[in-house]
Amino acid sequence: MAHVSDLIATDIESYLKQHETKSLLRFITCGSVDDGKSTLIGRLLYESKMLFEDQLAAIEADSKKWGTQGGDIDFALLVDGLAAEREQGITIDVAYRYFSTDRRKFIVADTPGHEQYTRNMVTGASTADVAVVLIDARKGVLTQTRRHSYLVSLIGIRKVVLAINKMDLMDYSEKVYERIVDDYRAFARHLEIEEITPIPLSALKGDNMLAHSDRTPWYRGPTLMGYLETVDVGAVRDDGDFFRLPVQWVNRPDLDFRGFSGVVAGGSIEPGARVRVQPSGRESRVARIVTADGDLARAVAGQSITLTLDDEIDISRGAIISKATAPAEVADQFEATIVWMTDEPMFPGRPYLMKIGAQTVTATVTEPKYKVNVNTMEHLAAKQLELNEIGVCNLALDRVIAFDPYTVNRDTGGFILIDRLSNSTVGAGMLHFALRRAHNIHLQHVDVDKAARAALKGQRPCVLWFTGLSGSGKSTIANIVEKRLHAMGRHTYLLDGDNVRHGLNKDLGFTETDRVENVRRVGEVAKLMVDAGLIVMTAFISPYRAERRLAQSLLAEGEFLEVHVDTPLDVAESRDVKGLYRKARRGELKNFTGIDAPYETPEHPALRVNTAELSADEAADKVIELLRGREMLK
């Protein structure tokens, strides 16, 4: 018995060792609705013997309940795990599956075909090496086929399998196959796809999946599995000089060890190699390459390592360690392609969180240069991006970062945009290049600074940001506060919403996009006035929290005091000195806050005053008390 146990243990160890040395291929399946993506993956899992007996029993039972193949096994149900997917017979979320053969390991992402789930497709494609684009032989190249192919090219996948599925429903016609291949190649000429491998298939029947089918004697190319087992995808990441290690963690277990941990995103490194740390630009040499299994003589792309350096250098999470001979670029302004992934449109000028590698920064997106019609590749003018739209924009960050163009390295050139309030991912993007002004424009040092100007005036500069509905009393209260401060000998300036729109912002309307830009400009002007040592009052509706937070982020801690003039809508509307509410109610004035446009109430204002209960003078008294309490009036 002991001998048998030893043999079993040896066999298991040999099996695991064999799997350790196999290469891994990540690929996605994509295409239009009901092209057979889930069925194809289910067939691959079934034929590769990756299903246990209980899974087979479950899928047979599910096929009787949910299946679309009569009494036969519906392979799509192996992948469509959500109840909604089974009920509707479609894929909604990205489904990842693992399987292996004697030659290779695979991770496949089954991506949804519906246009409203295009964002999920981008998620699935972001780590893939190969794309399997399915086309229903009955329908040919469709709009969603073009959309997904464009996204595949955009995300950097250069090898595509054109899987022409459901050939059994077209009597395995070579003419149908050739027509679809010609149509797809004509479209793909405009894309950056280097290799297209067309294969006629029937995922349901198994034709040309693992073995060549007798039903397609005219086809001489590879089978789907044959292609996936042999396609070469590793060469690009192994360029030795192009070493990249995004630092995820500063490893300091004790006083005697300090290392920098992460996953190698490209190239290779050896002890003794000279490296540069970006964005700081400091250089050193690699002392050791540390792993859980001991030190390495060489590390390559995909390995998780910890580097120790000869010199003590200040390195933090988000930095990129690269070879000194080919360092990562550094900038804070870029051109980028953005795929918008949420129902609320992208507003130019609104700040978003941008996560690139292990670093999170604040990014402001400009108005799109253009958006792309994925059917024609035409560049269209756009003011903003809607759900699933793709556009090219400029980005401005709040600090310098290390990066590579996305076409050079996906890991150090790809990013996501995150809504600052909901913390949900709203966009995915690819950096093209740093803008020239990012390198050529620098802050000029001045000897007379904010502190010197404030000391001369005997006050602490700040911004009193009055926000509230139209008719709440913002401008009235701000005007009284300025008169009292002026009488006290203070240096002030009042930026009123209506007055600013006669000059600086006369080109802006009242759409959501224009409102965002309106507040952005006022925030920048207020920042300059604070730098001049002034106490600044702004009286704007400023309906969106995100823009008020942007204005706050421009200033130092304690310099932004949000005053919410909290007046009920019915009270504000009853005042209606300018007659704006009446126009809005009649439909003559669109996008009016409180009527057909939202107002987002401040969550934690420095002061809240209700002018339904307080007079304007009493509200002004509370603002002066706030300034005294914050020691703004020395």
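A residue counts as buried when its relative accessible area is under 20%, as exposed when it is over 50%, and as partly exposed in between. Arginine 453 has a relative accessible area of 23%, and therefore it is classed as partly exposed. The model described here is a predicted one.

**Arginine 453 and its surroundings**

Arginine 453 belongs to helix H11, which covers residues 450-457. Leaving out residues up to four places away in sequence, arginine 453 touches Val446, Val448, Asp531, Ala532 and Gly533. Alanine 532 lies 79 residues from arginine 453 along the chain, yet their C-alpha atoms are separated by 6.1 Å.

**The chain as a whole**

The chain contains 634 residues, of which 52% count as buried. Its secondary structure consists of 18 helices and 28 strands. Of the contacts between residues at least 6 apart in sequence, 72% join residues at least 24 apart. The accessible surface amounts to about 29,800 Å², and carbon and sulfur atoms account for 49% of this area.

**Strand E16 and its partners**

Strand E16 (residues 329-340) is largely enclosed by the rest of the structure, because 10 of its 12 residues are buried. Antiparallel pairing links E16 to strand E21 and also to strand E23. In E21, glycine 391 stands opposite isoleucine 338, while in E23 alanine 428 is the bridge partner of valine 339. In a regular strand, side chains alternate between the two faces of the sheet.

| Strand pair | Residues given | Sense | Bridges |
|---|---|---|---|
| E11 and E15 | 274-278 and 320-323 | antiparallel | 4 bridges |
| E16 and E21 | E21: residues 390-403 | antiparallel | 10 bridges |
| E16 and E23 | E23: residues 425-434 | antiparallel | 7 bridges |

**Helix H6**

Helix H6 (residues 143-155) comprises 13 residues and spans 18 Å from its first C-alpha to its last, close to the 18 Å expected at 1.5 Å a residue. H6 is mostly covered, with 11 of its 13 residues buried. Among the buried residues are Arg147, His148, Tyr150 and Leu154. After H6 comes glycine 156, which has a positive phi near 105°.

**Nonpolar cores**

The largest nonpolar core has 66 residues, of which Phe27, Ile28, Leu40, Leu44, Tyr184 and Leu224 touch the most other members. Helix H7 (residues 174-188) supplies the largest share of this core, namely 7 residues. Leaving aside neighbours within four places in sequence, leucine 44 is in contact with Phe27, Phe99, Met209, Leu210, Leu224, Met225 and Leu228. A second, separate core holds 26 residues, including Ala331, Phe403, Phe415 and Ala434.

How values were computed. Residues are numbered from 1 along each chain as its sequence is written. This is a predicted model: local features need pLDDT of at least 70, side-chain atom pairs count only at pLDDT 80 or more; totals for chains, interfaces and linings use all residues. Side-chain values use heavy atoms; hydrogens and water are left out. Helices (H or I, at least four residues) and strands (E, at least two) are DSSP runs, numbered from the N terminus. Buried means under 20% relative accessible area, exposed over 50%, partly exposed in between (1.4 Å probe, protein chains only). Contact means heavy atoms within 4.5 Å. Accessible areas come from the Shrake-Rupley method with a 1.4 Å probe; for residues, only the protein chains shown count as cover. Two strands pair if DSSP finds at least two bridges between them. The expected span of a helix is 1.5 Å times one less than its number of residues. A nonpolar core is a set of buried Ala, Val, Leu, Ile, Met, Phe, Trp, Tyr and Cys residues joined through side-chain atoms within 4.5 Å.
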